[in-house]
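Hi,

Here is the structure I promised to pass on to you.

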Amino acid sequence: MSFTKDARDIIDQLSVYLHQSRSKEKRAVNLQTIRHIQEHLGLEQYLCDGGLSGETLNRFVETYLGFTTRLHHPGFMAHQVGVPHPTGALASLIDGFTNNAMAIYEMGPAASAIEFFLINTLLTKIGWVPMPDDITQRLETDHGAGVLTHGGSLANLTALLAARNQLAPEAREGGTPGNLVILAPESSHYIISKSAGIIGVGEKNVVPLPTDDLGRIITEKLDAIYEKIRSQGKQVVALVANACATGTGLYDDLNAIGTFCSDRRIWFHIDGAHGACALFSKKMRPLLHGVEKADSIVLDAHKMLRTPLLCAALLLKNARPLDCNFEHTASYLFHDKLQPGFDFIGQTIECTKAGLGLKFYFTLAALGEKGISQYLEQTQALTLNAHEFISKAPDFDCPYVPQSNILCFRITGSDDLQLEIRDRLMALGHYHISSTMLKDRRYLRIVIISPDTRFEDIEQLIQEVRKLAHTAENKEI
Ligand SMILES: Cc1ncc(COP(=O)(O)O)c(C=O)c1O
């Protein structure tokens with residue numbers, strides 16, 4: 001059978017790919033037109049004739065890899081997508097091969113056991129009570145719950161749905177009452193307002209919380225806005241805080257917000273898709289001070305925990321709202337059965353669900369908790385060094401001291417200049433960076449995420465930005 005040889009060849013190619021990316025032999029990003037890529041891959045031909053195996057498969061993979069964005073490249077600093085650990089990527093292969101749709105236990109006992117273990121590990125790290133191993137004891141006492149799902153967006157949506165169902169249990173069958181609101185800062189990820197639309201609260205009913213000019217919630221002003229909302233006869237589904245915000249990487253004061261919410265019995269949801277990884281570092285853990293006061297939290301393993309896409313954890317302090325969220329009728333799935341395990345299907349929007357835990361577990365287990373915390377602390381320290389370096393330069397402006405691995409800066413000049421520099425950098429391909437609006441101005445933004453990015457890479461990036469700014473200015477003259 002050619003599978004073994006094909007697999008070996010592909011692994012060989014991936015090893016070369018890893019080396020070429022880490023050593024910067026190839027560019028971080030290579031943007032070509034759709035037509036160009038399609039023609040190089042020969043998509044039409046293989047679709048027609050089949051036979052993609054052996055030498056043709058090898059060639060196809062080589063071409064494909066040539067058009068990928070290389071996350072293992074030290075110049076990759078654009079987005080919050082984890083630089084996948086090779087052992088985690090092997091788990092993706094096993095998961096794809098075994099195809100265990102583990103939302104029901106009989107379709108993936110190994111995957112379910114790993115997911116159960118990971119959820120309990122995370123619950124324990126937060127300081128919440130883990131789920132009992134004996135499923136006959138479920139909900140007999142107070143304990144937490146959680147599920148791994150396909151991304152932070154779905155995890156946030158699921159959390160807000162659980163919060164809505166808790167506040168307005170009639171909403172599931174009868175539709176959402178018209179007086180529900182969600183409180184969230186404008187700096188929150190767009191999935192929060194998107195979710196409000198999906199769960200029937202309405203995007204317009206996401207009430208912006210007062211923030212400072214860096215988008216952090218001003219906790220002293222929460223009471224006034226809450227009283228105003230209440231006086232209008234509105235009911236609060238949840239208050240959402242950032243840990244950390246996507247644009248800036250800055251954390252809200254979870255402890256103060258948590259106290260505010262528990263005093264008023266408001267569901268406190270933390271979007272920790274990016275920054276809840278601080279659970280894995282003693283040094284960074286204080287950024288999450290007060291996290292245990294939340295009702296729900298989201299953590300993306302595929303961001304800072306080096307897990308291949310997609311793997312997000314949704315965690316709840318109290319299992320009940322999640323367990324009651326998705327009971328449905330499907331006589332082929334939901335019925336009494338003799339089984340030694342647990343069906344995650346009751347916790348998730350998905351029906352068929354991949355065994356997401358394997359790649360998360362493989363990554364954690366390959367690095368060990370020590371390795372993970374070293375990686376997190378290394379990226380945070382490098383981001384602080386980068387901030388110190390860039391903010392000293394007279395032609396650059398850094399609007400804040402970073403708390404995580406996300407840093408915004410701009411070179412003297414217009415908003416358009418920042419965008420032009422980014423475009424030119426992308427065309428050159430050695431650095432892949434992003435950009436964001438902050439305080440009504442356009443900033444360049446880096447997410448230091450590759451374990452191979454070094455201070456020299458930042459120095460060279462800044463030199464390159466300067467050079468491109470001069471070129472752009474001379475062009476204007
Ligand atoms: C804070 C935050 N929440 C949610 C998301 C969405 O997560 P995902 O892309 O995994 O759906 C992101 C993605 O960047 C994020 O930064």
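**Overall shape**

The chain has 477 residues, and a compact globule of that length would have a radius of gyration near 23 Å; the chain comes out at 24 Å, which agrees. (The radius of gyration is taken over C-alpha atoms, and the globule rule is 2.2 Å times the number of residues to the power 0.38.) Before you go further, keep in mind that this is a predicted model: local features need pLDDT of at least 70, side-chain atom pairs count only at pLDDT 80 or more, and totals for chains, interfaces and linings use all residues. Residues are numbered from 1 along each chain as its sequence is written.

Along the principal axes, the C-alpha atoms fill a box of roughly 65 × 65 × 40 Å. The secondary structure comes to 16 helices and 11 strands; these are DSSP runs numbered from the N terminus, with helices being H or I of at least four residues and strands E of at least two.

How much of the chain is buried? The figure is 43% of the 477 residues. Buried means that 20 or more other C-beta atoms lie within 10 Å of a residue's own, exposed means 12 or fewer, and partly exposed is in between, with C-beta atoms placed from the backbone.

**Domains and cores**

The domain assignment gives domain 1 (3-69), domain 2 (95-362) and domain 3 (368-476); such bounds come from an automatic or database domain assignment. The C-alpha centres of domain 2 and domain 3 lie 31 Å apart. Their contact takes 19 residues from domain 2 and 18 residues from domain 3, where two residues are in contact if their C-beta atoms, placed from the backbone, lie within 7 Å.

Now for the inside. The largest nonpolar core has 99 residues, and Ile182, Val237, Leu239, Leu299, Ala312 and Ala313 have the most contacts inside it. (A nonpolar core is a set of buried Ala, Val, Leu, Ile, Met, Phe, Trp, Tyr and Cys residues joined through C-beta atoms within 7 Å.) Helix α14 (residues 357-392) gives the most to this core, with nine residues. Domain 2 and domain 3 both give residues to this core, so it lies between them. A second, separate core of 26 residues includes Cys408, Ile433, Ile448 and Ile458.

Why is strand β4 (residues 235-242) largely enclosed by the rest of the structure? Seven of its eight residues are buried, so the rest of the structure largely encloses it. Strand β2 (residues 180-184) pairs with β4 in the parallel sense over four bridges, and the bridge partner of Val181 in β4 is Val236. (Two strands pair if DSSP finds at least two bridges between them.) Four bridges also join β4 to strand β5 (residues 268-271), again running parallel, with Asn242 opposite Asp271 in β5. From β4 the chain crosses through helix α11 (residues 254-264) to β5, and this β-α-β crossover is right-handed. That means that, with the strands pointing away from the viewer, the path from the first strand over the helix to the second runs clockwise.

There is also an open sheet of four strands, in the order β8-β9-β11-β10, with antiparallel pairing. Its edge strands are β8 (396-397) and β10 (434-438), each pairing on one side only. Within the sheet, four bridges join β9 (residues 406-411) to β11 (residues 441-447), and Ile406 stands opposite Val447 in β11.

The peptide bond from Ala243 to Cys244 is cis, with omega near 5°; Cys244 is in the loop between β4 and α11. Another cis bond runs from Leu309 to Leu310, with omega near -20°, and Leu310 is in the loop between α12 (301-304) and β7 (312-316).

Arg265 is not a glycine, yet its phi is positive, near 55°. Arg265 is in the loop between α11 and β5 and is exposed, with 9 other C-beta atoms within 10 Å. Lys439, in the loop between β10 and β11, has a positive phi of about 50° although it is not a glycine. With 11 C-beta neighbours inside 10 Å, Lys439 counts as exposed.

Cheers!
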